[in-house]
Amino acid sequence: DPVPQPPEPLRFTPVLRTGRLEGALLEASGVAVPGRLERTGLTLAAGDRLLVTGENGAGKSTLLQVLAGELAPGSGTVTRRGRVGHLAQEPPAGDPDRTVLAAFARGLPGLPADHTEHLLSLGLFTGEQLAVPVGRLSTGQRRRLALARLLSRPADVLLLDEPTNHLSPALAEEVEAALDGYAGALVVVSHDRRLRRRWRGDRLTLEAPAPAAAAR
């Protein structure tokens, strides 16, 4: 039997490579969510990198949801330019009867089978796993599926919530390497001590909201 091709290195591909988008790609001014996120602001251009830290309940995941446009802030504004990709800490389950391959290919042109080779090339799933219904996936496998979809859709801005969670050490290192080569604007939330120790970029530490029902 022929030896299978080794997986391709993971990489995040931004839309902009020619500098067509200049200035801020993501700007938040005074955004806050009552009980979940204190007033916060940031501005990111292509190539900027921001690591968001803070204790549980400080609103790190909430901030990414606001930046992604998935949650309306109680106050403040968010301006986005270009395409935004968001890896949530708990990816939505989706249709439990849809296969891994069909879930990966959802929204892409052509038939699901047209994307088999590309999905396998990422090294996140084996050939046998492509026919498994999403409802039978473990938390880690659902995380891999969300990561595979993100890797395959160009984005100018990436918002990544605990991107190395539920990944093997080898895959976590590949994700870190892919982030190092990403040319768009990047916001990462992580408790991963190794990732935080190696981080090269700006940092933002959030404080937990005042006692009223603080939540992530």
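Contact means heavy atoms within 4.5 Å. By that criterion, and leaving aside neighbours within four places in sequence, Phe12 is in contact with Leu147, Leu150, Leu151, Leu158, Leu160, Val175, Ala178, Leu179 and Tyr182. This is a predicted model: local features need pLDDT of at least 70, side-chain atom pairs count only at pLDDT 80 or more, and totals for chains, interfaces and linings use all residues. Residues are numbered from 1 along each chain as its sequence is written, and side-chain values use heavy atoms, with hydrogens and water left out.

**Fold**
- The protein chain has 6 helices and 8 strands (DSSP runs numbered from the N terminus: helices H or I, at least four residues; strands E, at least two).
- From the N terminus, the order is β-β-β-α-β-β-α-α-α-β-α-β-α-β.
- Among contacts between residues at least 6 apart in sequence, 73% join residues at least 24 apart.
- Along the principal axes, the C-alpha atoms fill a box of roughly 60 × 40 × 35 Å.

**Cores**
- The largest nonpolar core has 35 residues (a set of buried Ala, Val, Leu, Ile, Met, Phe, Trp, Tyr and Cys residues joined through side-chain atoms within 4.5 Å; buried means under 20% relative accessible area, with a 1.4 Å probe and protein chains only).
- Phe12, Leu119 and Leu160 have the most contacts inside this core.
- Helix 4 (139-151) is one of the elements that supply at least two residues each; its share, 6 residues, is the largest.
- A second, separate core of 23 residues includes Leu50, Leu63, Leu159 and Val187.
- Buried residues make up 43% of the 216 residues in the protein chain.

Technical notes:
Buried < 20%, exposed > 50% of the residue type's maximum accessible area, 1.4 Å probe, protein only.
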